[in-house]
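Subject: Structure for you to look at

Dear colleague,

I am passing on the structure we spoke about, and I would be glad if you opened it beside this message and followed along. My notes come after it.

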Amino acid sequence: MIKQGIFHPQLLRVMGELRHRDTLVIGDAGLPIPKGVERIDLGWKAGSPGYLEVLEEILKYLVVEQATFAEEAKTVSPEFHKKALSLLPENLPLRYIPHTELKKESESAKAIILTGEFTGYTNVILTCGCAY
């Protein structure tokens, strides 16, 4: 048995399969899952687990070369969004696109992780980097 870190078997498998330029989405409880994209549903009640908690833990294990957020995150939940930004690696390139475009881009993600987050526009597309 794993004694610390992530032990959700589906999440571990997906993270182990990610390669350079693959994308992984971390979303709120309401983010739709496009047909054909793997769904990792971690949410079990409103607010749990939270988006920030999941983002922070995922970033401990993945090499990320870019993060893409919805433009709306800056205006709908700006303080919450600033907390998300503070978790990202220093100088990580950021992209902002309309939420409708973020949902469209999520169609090519390896997987979408749904959290129990009920704060609007708390979604991010993480583009994986290379460890060497």
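Strand β1, which covers residues 23-27, pairs with β6 in the antiparallel sense, and 4 bridges join the two. Within this pairing, I26 has V124 of β6 as its bridge partner. Please keep in mind throughout that this is a predicted model.

β6 also pairs with strand β3, made of residues 64-70, and here 5 bridges hold two strands that run antiparallel. In that pairing, T68 is found opposite I125 of β6.

How much of β6 is buried? Of the 5 residues in this strand, which spans 124-128, 5 are buried. In a regular strand, side chains alternate between the two faces of the sheet. In β6 both faces are covered, with V124, L126 and C128 buried on one side and I125 and T127 buried on the other.

Next comes the nonpolar interior. In soluble globular proteins, nonpolar side chains tend to be buried together. The largest nonpolar core here has 28 residues, and those with the most contacts inside it are I26, Y51, I58, I113 and L126. The elements that each give two or more residues to this core are α1 (9-17), β1, α2, β3, α4, β5 and β6, and the largest share, 6 residues, comes from α2. Which residues does I58 contact, once its neighbours within four places in sequence are left aside? They are I6, L11, M15, L24, I26, I113 and L126. Apart from this core lies another one, of 10 residues, which includes V25, A70, L102 and L114.

Finally, there are the spaces in the model. The structure holds 1 cavity of 30 Å³ or more, and the largest cavity has a volume of about 40 Å³. Among the residues that line this cavity are Y51, F69, F80, H81 and Y121, and helix α4, residues 78-87, gives the largest share of the lining with 3 residues. Sorted by class, the lining of this cavity has 6 nonpolar and 4 polar residues, and no charged ones.

The largest pocket has a volume of about 300 Å³, and its lining includes I6, L11, L42, E53, E57 and I58. Helix α2, residues 51-59, provides the largest share of that lining, 4 residues, and by class the lining divides into 7 nonpolar, 2 polar and 2 charged residues.

With best wishes

Terms used
Residues numbered from 1 in each chain as written. Predicted model: local features only at pLDDT ≥ 70, side-chain atom pairs only at ≥ 80, totals over all residues. Heavy atoms only, no water. Buried < 20%, exposed > 50% of the residue type's maximum accessible area, 1.4 Å probe, protein only. Pairing = 2+ DSSP bridges. 1 Å grid on protein atoms, 1.4 Å probe; cavity = no way out; pocket = protein on both sides within 12 Å on 5 of 7 lines; lining within 4 Å. Points joined across faces, edges and corners; volume = space filled by probe spheres on them. Nonpolar A, V, L, I, M, F, W, Y, C, P; charged D, E, K, R; others polar. Core = buried A, V, L, I, M, F, W, Y, C linked by side-chain atoms within 4.5 Å. Contact = heavy atoms within 4.5 Å.
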